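Biologist: Before we talk, please show me the sequence and the model. I will then ask how the labels were assigned.

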Amino acid sequence: MSIRVQNISKVFERFPALNGVTLEVKQGDLLALLGPSGSGKTTLLRIIAGLEFPHSNDGKVFFEDREVTWSSAYERRAGFVFQHYALFNHMTIAENIAFGLRVRPRKTRPPEAEIQKKIKDLLAMVQLPGLEHRFPTQLSGGQRQRIALARALAVEPKILLLDEPFGALDAKVRKELRKWLREFHNQTGLTTIFVTHDQDEAFELADHIVILHEGKIQQAGTPHEILSRPANRFVAEFLDLPFPS
Amino acid sequence: MSSLALTSRTPNHDPKLVAYTLTALAISAVGIFLVLPLVAVFAEAFSKGPAVYFGTFRDPVTQNAIWLTLQVAVVAVPLNTIFGLAAAWTVTRFTFPGRRFLISLIELPLWVSPVIGGLLYTLIFGLQGWLGPWLDERDIHIIFAYPGLVLATIFVTFPFVTRVLIPLMESLGQAEEEAAVTLGARGWQVFWRITLPRIKLGLFYGVILCNARAMGEFGAVSVVSGHIRNRTNTIPLQIEILHSEYQFAHAFALASLLSMLGILTLLLKVYLEKQSTRRTASPAPPERLRHRDPAVPTT
């Protein structure tokens, strides 16, 4: 599913977090929202997910051709993975993964056997088989992040949104998961946006990169385009590139 | 429990003398002002033997007072629980102008004397009050009757559940609730499946505190009660009456009942705190804010 964001602005207690952001993500794209902290990248991701809403009526969000600007997060069904995982600590791993299926109304809820099969398949996919009966607090950070991803995928979203997915992990696990996410994306072709402040991560993983600063898009393009032609002084300095003055 | 060999919990090593003096001071203060009176209550209650002690609870007037206290608590505590949940939810999940003011307002009953609470209700619902004549015409009795007792108790115990829940819910954040919503859960599903399980220890803690206070409230209830025997006397009021009639053994026997409720509440509180620290003892993401000790309201 493609995503289109039009002229989105957001103000937090008089501090502008986003200022007229427009952006398009094609079906199957892996896009990085890159920027220093406070640049508005997480806010943009949350507006796409339906966890925040834009400030004015001019801003619009589309999934394909359907406008979703004011629909709630549960209607949008975008898979969202939080920086600190947000796993349900009082539930087992299996219950965490099955949550999105079990809260469905009876008519659309899959039968229990199907749910069990799905849990197994998803655990195999994130390479953590056999963890069904553990609790989130018994897992390592990297494992938790993969469970969070499995939980988001259980409801078969058409869009995957990741907020600093590797931000809380140590360097080694980070590298592994990065590689794994790239492979995962190649297999599924799910339209994916991830937020990061780490340029290496963005340039290594993404098909397209959007650089945000002070609530505005500074540059959007492929890693190659950005590296060869930084659009302005901020981008150049942020990426440590020479900028012809 | 502080062991006799005091081990310093902080890197700055206070001189032993200071440590021992302060500990001795704390223990003797607790002993003199808290433990001794409690022992005295039970000693006095049994001073005329167990027959008199248990005889207290066979007196129909006293039985009525106990029954009435339960009837008041069983309405006031659930109402304040629901209110406390709603208020804590509103205050921690939304930002709106006047939010801070609302929090202060909820805590108002902690800062004003309970007697004032009672007087306010008398002013509104009493025969000489604003609504009194109108209510009287319709034969609705609030002051000097059961509804007045419930109202006064609700006033006094208003902040207890909220005060425990607000810091707890603030520290837990709402990422898990948001995760549930992105997975397709609706409002009530989020509450029952995510929020409530996460806050249940804190909630229960607030409820038992609220209950202890509801059953033990004297001031506010005293004003609206009118002290009608067999009709509007709750346990604390009955204790006062027995005491003023020089029936000391009976008064203390009934007081011991309230004391036991207090001790039970305290034990439950200790148990709950153990439970919540046991949970937090398991390895958890370091960035996650843990259960803060809920602020204990001053009673």
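**Labels and their cut-offs**

Modeller: Val30(B) is partly exposed, with a relative accessible area of 42%. This is a predicted model, where local features need pLDDT of at least 70, side-chain atom pairs count only at pLDDT 80 or more, and totals for chains, interfaces and linings use all residues. Residues are numbered from 1 along each chain as its sequence is written, chains are lettered from A and ligands numbered from 1 in the order in which they are written, and side-chain values use heavy atoms, with hydrogens and water left out.

Biologist: Why is Val30(B) called partly exposed?

Modeller: Buried means under 20% relative accessible area and exposed over 50%, with partly exposed in between (1.4 Å probe, protein chains only). Val30(B) has 42%, so it is partly exposed.

Biologist: Why is His133(A) called exposed?

Modeller: The relative accessible area of His133(A) is 68%, so the label is exposed. His133(A) sits in the loop between helix 4 (112–125) and helix 5 of chain A; helices are DSSP runs (H or I, at least four residues), numbered from the N terminus.

Biologist: What is the make-up of the lining of the second largest cavity?

Modeller: Eight residues are nonpolar, one is polar and one is charged. Ala, Val, Leu, Ile, Met, Phe, Trp, Tyr, Cys and Pro count as nonpolar, Asp, Glu, Lys and Arg as charged, and the others, Gly among them, as polar. The lining includes Gln145(A), Arg146(A) and Trp180(A). A cavity is a set of points on a 1 Å grid over the protein atoms alone where a 1.4 Å probe fits but cannot get out, and lining residues have an atom within 4 Å of a point.

Terms used
1 Å grid on protein atoms, 1.4 Å probe; cavity = no way out; pocket = protein on both sides within 12 Å on 5 of 7 lines; lining within 4 Å. Helix = DSSP H or I, 4+ residues; strand = E, 2+ residues; numbered from the N terminus.
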